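Hi,

Here's the structure I said I'd pass along.

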Amino acid sequence: MTSHIDPKSEPIFLRPAGLVIIIALLTAMKLFAASQAHFVEDEAYYRIWGLNPALSYFDHPPMIGWWIAIGQALFGDTVFAVRALVVLSGLIGSLALWRTTSILFSRNAAGWAVLFLNTSLLVGIGGILATPDAPSVLFWGLSLWALAELNRSQNANWWLVVGLMAGCGLLSKYSVLFLGAGIVFWLIWVPGARRWWGCWQLWAGGLTALLCFAPVLYWNHAHEWASFYKQFGRAGGGGFTSKYVFELFGALVGLLNPLIAVLAGFGAYQMTKGLKARENAPSLMLLSVAPFLLYLLYHSLHARVQANWPAPLFPAFAIMAAVFVANVRMRALLWQRVGAIGVLLGVIVALTVQLHAVAPITGRFARKDPTFQLRGWTEIGASVQAIADAEDAAFIATTSYGLNGQLDFLFKDKLPVFQVTERVRYLMTPPPDNSLLAKSGLYVTEDRRNKADDLQKVFERVEEVAELERKVKGVSLERLIVYKVDGPIEPVFEPVRFR
């Protein structure tokens with residue numbers, strides 16, 4: 001399936017110089033948006049991880065927390081610091097994707113793959129967000145790159161790099177386990193790959209991945225396997241239903257970019273011929289994604305699959321689309337035009353949404369706007385500060401991790417903010433100063449998550465003092481309620497529960 005094309009005949013946007021210019025412009029826009037747009041809820045929560053590095057965390061493995069900690073060490077406790085390494089990872093991932101596709105298929109396909117990945121809506125728009133998806137996408141892609149180098153050089157030492165990259169992926173998100181399963185299937189399926197079973201480097205690479213993962217194993221062992229129970233407990237939960245299957249595929253098509261998704265579908269079908277013939281490159285592409293894709297399908301038969309979960313598969317999908325467009329035997333002008341239009345559409349949407357994230361164009365879509373979580377926090381912070389001053393509050397209490405993260409950032413160096421529920425999320429932080437509870441404080445909550453009734457069981461007084469609205473361009477997004485609390489009569493903080 002490899003094709004060879006004279007570099008001089010390539011369109012300028014597929015040549016290395018053209019790709020560098022395009023990716024540099026997209027990265028510049030990401031840097032601008034990353035430094036100017038406020039946090040989404042999860043990012044605000046992960047910021048606390050960065051301030052308190054640990055071997056692992058309740059929700060996920062530690063890599064995103066470590067990345068944020070590095071950013072904070074370089075750029076301080078800022079929005080940009082939280083996102084800095086995420087934007088950098090996009091550049092590294094693009095370079096690795098170009099090299100992987102160039103080795104396994106063709107230089108022409110490599111250019112298309114880089115463009116398709118960077119103009120997919122999930123990466124083009126979400127490529128600034130500091131979530132565990134960012135390192136998991138990077139290290140999944142770097143694992144494929146190391147496998148490509150292994151196939152090119154036939155040097156068994158590349159298995160050590162594969163193990164290191166896969167191990168870093170496991171430190172990012174548990175879903176990278178499915179990549180390991182895909183590699184095993186490839187080693188079994190392709191006759192030429194079976195010889196690696198006899199090489200010590202293959203087993204040493206697996207051991208390297210396990211050693212990388214050791215901090216997560218140790219943390220879970222020390223905390224009653226809490227993170228494993230939380231994440232793996234989702235598998236197959238709930239009764240059978242078909243209502244989420246179409247939602248899954250709709251999200252895949254939409255977030256990949258509809259035109260690129262069509263090309264990826266054709267590319268996957270084209271690669272099945274190579275899979276049947278047990279060819280190396282197409283078998284690696286399809287088998288590396290199959291286990292995770294099948295799991296997502298299985299999960300969708302029981303519960304909703306979150307839109308970001310398939311993110312690690314997007315580099316492989318971009319390669320599939322690129323190989324279809326670049327294949328010499330099928331290079332009909334129509335498909336090149338579809339690819340070019342898909343890239344142009346992705347660039348326009350990404351730039352528009354990133355500008356909108358920084359300076360909202362409209363507020364009419366309210367909570368249906370995917371950027372709604374970014375809005376109105378500066379105004380909320382100023383309002384809560386005024387209430388805290390008026391009530392002489394010594395602390396701010398919350399009962400949801402997202403709001404806790406947002407307020408913790410807004411009130412850094414001003415007032416202590418802590419979540420009184422779900423204390424298992426904060427095992428890495430110093431315990432709150434209980435002496436503060438002897439003074440008056442504020443309880444701030446979203447109306448939809450209000451637990452004031454529960455707090456009335458632990459405080460003598462829980463008195464509503466204000467209602468606030470988080471808005472964008474005058475359109476209401478969310479109502480927040482502020483209570484004054486004082487006089488604890490029972491333990492305020494929930495005990496740590498691992499399950």
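Ile23, Leu26, Thr27, Lys30, Val87, Gly90, Leu91 and Asn118 line the largest cavity. Bear in mind that this is a predicted model. If you're setting up a grid there, the volume to expect is about 40 Å³, and the structure holds one cavity of 30 Å³ or more.

The biggest share comes from α1, with four residues.

Next, a loop residue. Ser56 sits between α2 (41-51) and α3 (63-75), in the loop that links them. Is Ser56 buried or exposed? Its relative accessible area is 1%, and buried means under 20%, so Ser56 counts as buried. As for what Ser56 touches, leaving out residues up to four places away in sequence, the list is Pro61, Pro62, Val216 and Trp219.

Last one: helix α18, residues 401-410. How many of its ten residues are buried? Nine of the ten are, so by the under-20% cut-off the helix is mostly covered. The buried residues of α18 are Gly402, Leu403, Asn404, Gly405, Gln406, Leu407, Asp408, Phe409 and Leu410.

That's what I have for now.

Cheers

Definitions and conventions
Residues are numbered from 1 along each chain as its sequence is written. This is a predicted model: local features need pLDDT of at least 70, side-chain atom pairs count only at pLDDT 80 or more; totals for chains, interfaces and linings use all residues. Side-chain values use heavy atoms; hydrogens and water are left out. On a 1 Å grid over the protein atoms alone, a cavity is a set of points where a 1.4 Å probe fits but cannot get out, and a pocket is an open set with protein on both sides within 12 Å along at least five of seven lines; lining residues have an atom within 4 Å of a point. Grid points are joined across faces, edges and corners, and a volume is the space filled by probe spheres set on the points. Helices (H or I, at least four residues) and strands (E, at least two) are DSSP runs, numbered from the N terminus. Buried means under 20% relative accessible area, exposed over 50%, partly exposed in between (1.4 Å probe, protein chains only). Contact means heavy atoms within 4.5 Å.
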